[in-house]
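Dear colleague,

Please find below the structure that I am passing on to you. My notes on its helix packing, its cores and several individual residues follow.

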Amino acid sequence: MSVPLTLLGLLEREPSHGYDLKRDYDAFFGRGKPLPFGQVYSTLSRLARDGKVVVAETAAGAGPDRKRYVITDTGATEFEAWLTEPVEAEPHLQTVLFSKVVLALMLGRDAEHYLDAQRAAHLQRMRELTELRREGGLVDALLADHGLFHLESDLRWIDLTVARLDALAEAVRS
């Protein structure tokens with residue numbers, strides 16, 4: 001997730017204060033990993049430094065001054081370019097799952113035990129996502145479905161790899 005570009009997109013929708021940007025980011029994009037306030041403001045500072053946003057107005061409050069940020073033409077152009085570029089197609093051929101299996105086999109460790117533990121972790125996460133899909137709104141359901149589809153794919157790969165562990169062990173040890 002590109003936090004700067006996502007914040008630019010939120011600012012293209014409407015000028016906003018940092019607090020509002022954090023709230024909207026967390027509501028739509030921060031599921032399970034809310035954006036820290038410090039990251040919001042440091043990102044806005046960098047965007048302002050780079051000419052992608054400007055402070056439109058500053059209002060005094062009980063705490064620090066509240067700044068309202070507006071996207072600039074430069075920021076809007078960068079956001080538009082990012083928005084229209086396709087996301088890199090997944091999956092990548094180098095994954096942590098694969099690396100752990102191969103290293104376990106190279107070192108004579110129990111790769112099947114690792115894969116069983118990984119399967120259990122995937123199934124637990126799938127139960128959590130299924131609950132989120134059932135209880136949440138449309139945004140939650142779509143995000144949960146995305147995660148579930150990836151986890152299902154990983155589970156298929158885990159099963160296939162377990163079935164081929166002997167052949168893979170021979171290939172990595174030779």
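A residue counts as buried when its relative accessible area is under 20%. The model is predicted, and for Ile-71 it gives a relative accessible area of 16%. Ile-71 is therefore buried, since 16% falls under the 20% limit.

Ile-71 belongs to strand β3, which covers residues 66–71. Leaving out residues up to four places away in sequence, Ile-71 touches Leu-8, Leu-11, Glu-12, Lys-52, Val-53 and Ala-76. Between Ile-71 and Leu-10 there are 9.1 Å in space, C-alpha to C-alpha, although the two are 61 residues apart in sequence.

Helix α1 and its surroundings

Helix α1 is mostly covered, with eight of its 11 residues buried. These buried residues are Val-3, Leu-5, Thr-6, Leu-7, Leu-8, Gly-9, Leu-10 and Leu-11. They pack against β1 (16–17), α2, α3 (37–49), β2 (53–59), β3 and α4 (73–84).

Two packed helices are described by the angle between their axes and the distance between the axes.

For α1 (residues 3–13) and α2 (residues 18–28), the axes come within 10 Å and cross at roughly 110 degrees. This angle makes α1 roughly perpendicular to α2. The crossing of α1 past α2 is right-handed. On the α1 side, the contact is made by Val-3, Thr-6, Leu-7, Leu-10, Leu-11 and Arg-13, and on the α2 side by Leu-21, Asp-24 and Tyr-25. Sorted by class, this contact of α1 with α2 has six nonpolar, one polar and two charged residues.

For α1 and α3, the packing angle is about 80 degrees and the axes are 10 Å apart. These two helices are therefore roughly perpendicular to each other. Helix α1 contributes Val-3, Pro-4, Leu-7, Leu-8 and Leu-11 to the contact, while α3 contributes Gln-39, Val-40, Thr-43, Leu-44 and Leu-47. By class, the contact of α1 with α3 has eight nonpolar, two polar and no charged residues.

In soluble globular proteins, nonpolar side chains tend to be buried together. In this model, the largest nonpolar core has 18 residues, and those with the most contacts inside it are Val-101, Leu-105, Ala-111, Leu-115 and Leu-165. The elements that give two or more residues to this core are α5 (96–106), α6 (111–135), α7 and α8 (165–173). Leu-115 is in contact with Val-101, Trp-157, Ile-158, Thr-161, Val-162 and Leu-165, leaving aside its neighbours within four places in sequence. A second, separate core has 16 residues, including Leu-5, Leu-10, Leu-35 and Tyr-69.

Helices α6 and α7

The axes of α6 and α7 are 9 Å apart, and the helices pack at an angle of about 160 degrees. That angle makes α6 roughly antiparallel to α7, and their crossing is left-handed. Their contact has 13 nonpolar, five polar and nine charged residues by class.

Three residues of these helices illustrate a range of accessibility.

- Asp-140 is placed in helix α7, residues 138–163. Asp-140 is buried, with a relative accessible area of 14%. Not counting residues up to four places away in sequence, Asp-140 touches Arg-31 and Leu-132.
- Arg-133 lies in helix α6 and is partly exposed, with a relative accessible area of 34%. Beyond residues up to four places away in sequence, Arg-133 touches Ala-141, Ala-144, Asp-145 and Leu-148. Arg-133 and Glu-80 are 53 residues apart in sequence and 30 Å apart in space, C-alpha to C-alpha.
- His-113 is also found in helix α6. His-113 is exposed, with a relative accessible area of 54%. From His-113 to Val-96 there are 17 residues in sequence and 16 Å in space, C-alpha to C-alpha.

In short, α1 is mostly covered and is roughly perpendicular to α2 and to α3, whereas α6 is roughly antiparallel to α7.

With kind regards

Technical notes
Residues are numbered from 1 along each chain as its sequence is written. This is a predicted model: local features need pLDDT of at least 70, side-chain atom pairs count only at pLDDT 80 or more; totals for chains, interfaces and linings use all residues. Side-chain values use heavy atoms; hydrogens and water are left out. Helices (H or I, at least four residues) and strands (E, at least two) are DSSP runs, numbered from the N terminus. Buried means under 20% relative accessible area, exposed over 50%, partly exposed in between (1.4 Å probe, protein chains only). Contact means heavy atoms within 4.5 Å. Axes are lines fitted to C-alpha atoms, for helices over the stretch in contact, and angles run from 0 to 180 degrees between N-to-C directions. Angles under 35 degrees count as roughly parallel, over 145 as roughly antiparallel, 65 to 115 as roughly perpendicular and the rest as oblique. A crossing is left-handed if the near helix is turned anticlockwise from the far one by less than a right angle, and right-handed if clockwise. Ala, Val, Leu, Ile, Met, Phe, Trp, Tyr, Cys and Pro count as nonpolar, Asp, Glu, Lys and Arg as charged, and the others, Gly among them, as polar. A nonpolar core is a set of buried Ala, Val, Leu, Ile, Met, Phe, Trp, Tyr and Cys residues joined through side-chain atoms within 4.5 Å.
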